[in-house]
Amino acid sequence: RLFAKVSSVKMGATEGMSFLSLRTLNTVTVTLALGLVALVGWHAQNPAHFELIQSKAAAVPVQQTTELSFLQTSNFVDQIYLYAGLAVDNKHETGFIAKEIRKHNYQTMVRLFTSLDDATFRAVLWDQSVHCLVWPPFVRYPGISETAKTDLRAYAAAGNNVVLLGNYVAVQFMNDVFGFQLTDDYKNGPYYRSVSAIDSFHCFPLAVD
């Protein structure tokens, strides 16, 4: 009899807890439903307020994600034009320079051009897929017309890259094409270390002959 009474008490307590849980759930559900109904009604009476919130949200600029530099596949140009005409040493220089260009980025395509006649040179400069033009050291002054010089100046002025691997002929070439006043006069030393350049050349001796 005692066991039966204890069992009946436990069953009653369990039923009471189930009833309270169900009642609480019903109360929360009804409260949420009433709140939603009230919100819908208030929105119907005050549409301008919600339009203001939406306009402010639309005015906030969306932050663009910038790709991290170390995740970029390459910082090198993908294509270049390399002059390989009669004014350069094609036997030794041209192949070596092309190899050096691709040394740190094998994907760079080196495209050779050998003629400086107006039509060929203009086709090189107007190629929209290539924005870098490399000139190896000259062994003689290149035969280039005034029209080609004008096109080369326009090419550089448009933001493209013109790279001359220097010697004294290249200095004269740059002066003629771009109107520079560079000089190639060699001055004998000694050359003294400038005080203003100590930070950059602190490891150099005080004088270089």
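Student: Which helix does Lys149 lie in?

Tutor: Lys149 is part of helix α5. Helices (H or I, at least four residues) and strands (E, at least two) are DSSP runs, numbered from the N terminus. Residues are numbered from 1 along each chain as its sequence is written, and side-chain values use heavy atoms, leaving out hydrogens and water.

Student: Why does Lys149 count as buried?

Tutor: Buried means under 20% relative accessible area, exposed over 50%, partly exposed in between (1.4 Å probe, protein chains only). Lys149 has 9% relative accessibility, so it counts as buried.

Student: Which residues is Lys149 in contact with, leaving aside its neighbours within four places in sequence?

Tutor: Tyr141, Ile144, Asp176 and Val177. Contact means heavy atoms within 4.5 Å.

Student: Why are α5 and α6 called roughly perpendicular?

Tutor: Take the angle. Helix α5 and helix α6 (residues 168-178) pack at about 85°, with axes 9 Å apart. Axes are lines fitted to C-alpha atoms, for helices over the stretch in contact, and angles run from 0 to 180 degrees between N-to-C directions. Under 35 degrees counts as roughly parallel, over 145 as roughly antiparallel, 65 to 115 as roughly perpendicular and the rest as oblique. The pair α5 and α6 is therefore roughly perpendicular.

Student: Which residues make the contact of α5 with α6?

Tutor: From α5, Lys149, Leu152, Arg153 and Ala156; from α6, Phe173, Asp176, Val177 and Phe178. These divide into 5 nonpolar, no polar and 3 charged. Ala, Val, Leu, Ile, Met, Phe, Trp, Tyr, Cys and Pro count as nonpolar, Asp, Glu, Lys and Arg as charged, and the others, Gly among them, as polar.

Student: What makes α4 and α5 roughly parallel?

Tutor: The axes of α4 (residues 118-125) and α5 (residues 146-157) cross at roughly 5° and come within 10 Å. The two helices are therefore roughly parallel to each other. On the α4 side, Asp118, Phe121, Arg122 and Leu125 make the contact; on the α5 side, Thr147, Ala148, Asp151, Leu152 and Tyr155. By class, these are 5 nonpolar, 1 polar and 3 charged.

Student: How do you know that Leu125 is buried?

Tutor: Leu125 has a relative accessible area of 7%, so it is buried. Leu125 sits in helix α4. Not counting residues up to four places away in sequence, Leu125 touches Leu133, Asp151, Leu152 and Tyr155. Leu125 and Asn160 are 35 residues apart in sequence but 9.3 Å apart in space, C-alpha to C-alpha.

Student: How many strands form the open sheet, and in what order?

Tutor: There are 4, ordered β2-β1-β3-β4, with parallel pairing. Two strands pair if DSSP finds at least two bridges between them. β1 (residues 79-83) and β2 pair in the parallel sense over 5 bridges. Gln79 stands opposite Met109 in β2, and Tyr83 opposite Phe113.

Student: What makes β2 and β4 edge strands?

Tutor: Each pairs on one side only; β2 covers 109-113 and β4 covers 161-164. Neighbouring strands of the sheet are turned by 25° against each other on average, direction ignored. Helix α3 (residues 90-101) packs on the sheet and touches β1 and β2. The direction of α3 makes about 165° with that of β1.

Student: Why is β1 described as largely enclosed by the rest of the structure?

Tutor: 5 of the 5 residues of β1 are buried, so β1 is largely enclosed. Gln79, Tyr81 and Tyr83 point one way from β1; Ile80 and Leu82 point the other way.

Student: Where does pLDDT stay under 50 with 0 contacts beyond four places in sequence?

Tutor: Over residues 1-13. Residues 62-72 also have pLDDT below 50, with 1 contact beyond near neighbours in sequence. Where pLDDT is low, the predicted coordinates should not be read in detail. The protein averages a pLDDT of 75, and 57% of the residues score at least 70.

Student: How many helices and strands are in the protein?

Tutor: The protein has 6 helices and 6 strands. Of its 209 residues, 21% are buried.

Notes:
This is a predicted model: local features need pLDDT of at least 70, side-chain atom pairs count only at pLDDT 80 or more; totals for chains, interfaces and linings use all residues. pLDDT is the predictor's confidence in each residue, from 0 to 100.
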